[in-house]
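Student: I am new to this structure. Please show it to me, and then let me ask about the terms.

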Amino acid sequence: MSAEKRITELGLALPPAPAPVGSYLPATRSGKLIFTSGQLPFKGGALLATGKVGAEVSIEQAQAAAAQAVLNALAAAKGQAGTLESITAIVRLNVFVNSAPGFVEQAKVANGASDLLVQIFGDKGRHSRCAIGAAELPLNAAVELDLVLEVDG
């Protein structure tokens, strides 16, 4: 099954490719690798979750935000790849979690993104990962993430 059909089957939608809001590109390609810029959990022009995870934001809310940020990253990658079907592997996922003092469950938050990638791509969606606690994130977003993907051709 195609990745985009799988996204639809999951009741989700691939958003339009994000426009840069600064002096950077949403994604760049070098050979067979695509590197996305950091993606926030925007949906319909609004952030899904703002604030500190472990204080104002629950782990479940942060997981949903991470899943949305993955969809945004895939939209950026599609802009370079042309189609999600040309993705042969999700190589690396880096997840930054706007963490309250003492919050140490960043890996659980990152699972919201990791699990969705596996649901969409199957074994091609398995990846290496970092889950990092951050003192602050842009726009007070609960999560930010980036991807490294491999494409054919």
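Student: What makes strand S5 and S7 a pair?

Tutor: Two strands pair if DSSP finds at least two bridges between them. Strand S5 (residues 87-98) and S7 have nine bridges, so they pair, in the antiparallel sense. Within S7, leucine 147 stands opposite leucine 93. Strands here are DSSP runs (E, at least two residues), and helices are runs of H or I with at least four; both are numbered from the N terminus.

Student: What kind of model is this?

Tutor: It is a predicted model: local features need pLDDT of at least 70, side-chain atom pairs count only at pLDDT 80 or more, and totals for chains, interfaces and linings use all residues. Residues are numbered from 1 along each chain as its sequence is written, and side-chain values use heavy atoms, with hydrogens and water left out.

Student: How do you know that strand S2 pairs with S7?

Tutor: Three bridges join S2 (residues 33-36) to S7. The cut-off is at least two, so they pair. The two strands run antiparallel. Phenylalanine 35 has valine 148 in S7 as its bridge partner.

Student: Why is S7 called mostly covered?

Tutor: Eight of the nine residues in S7 (residues 143-151) are buried. Buried means under 20% relative accessible area, exposed means over 50%, and partly exposed lies in between (1.4 Å probe, protein chains only).

Student: Why is the contact of lysine 78 with glutamate 4 called a salt bridge?

Tutor: The term needs a side-chain nitrogen of Lys or Arg within 4 Å of a carboxyl oxygen of Asp or Glu. The closest N and O atoms of lysine 78 and glutamate 4 are 2.9 Å apart, so the pair qualifies. The pair links distant parts of the chain: lysine 78 is in helix H2 (residues 59-81), glutamate 4 in helix H1 (residues 3-9), 74 residues apart.

Student: Is lysine 78 buried, partly exposed or exposed?

Tutor: Its relative accessible area is 27%, so lysine 78 is partly exposed. Glutamate 4, at 28%, is partly exposed too.

Student: What makes arginine 6 and glutamate 9 a salt bridge?

Tutor: Their closest N and O atoms are 2.2 Å apart.

Student: Why is arginine 126 called exposed?

Tutor: Its relative accessibility is 54%, and the cut-off is over 50%, so arginine 126 is exposed. Aspartate 123 is exposed at 63%. Arginine 126 and aspartate 123 form a salt bridge, with closest N and O atoms 3.3 Å apart.
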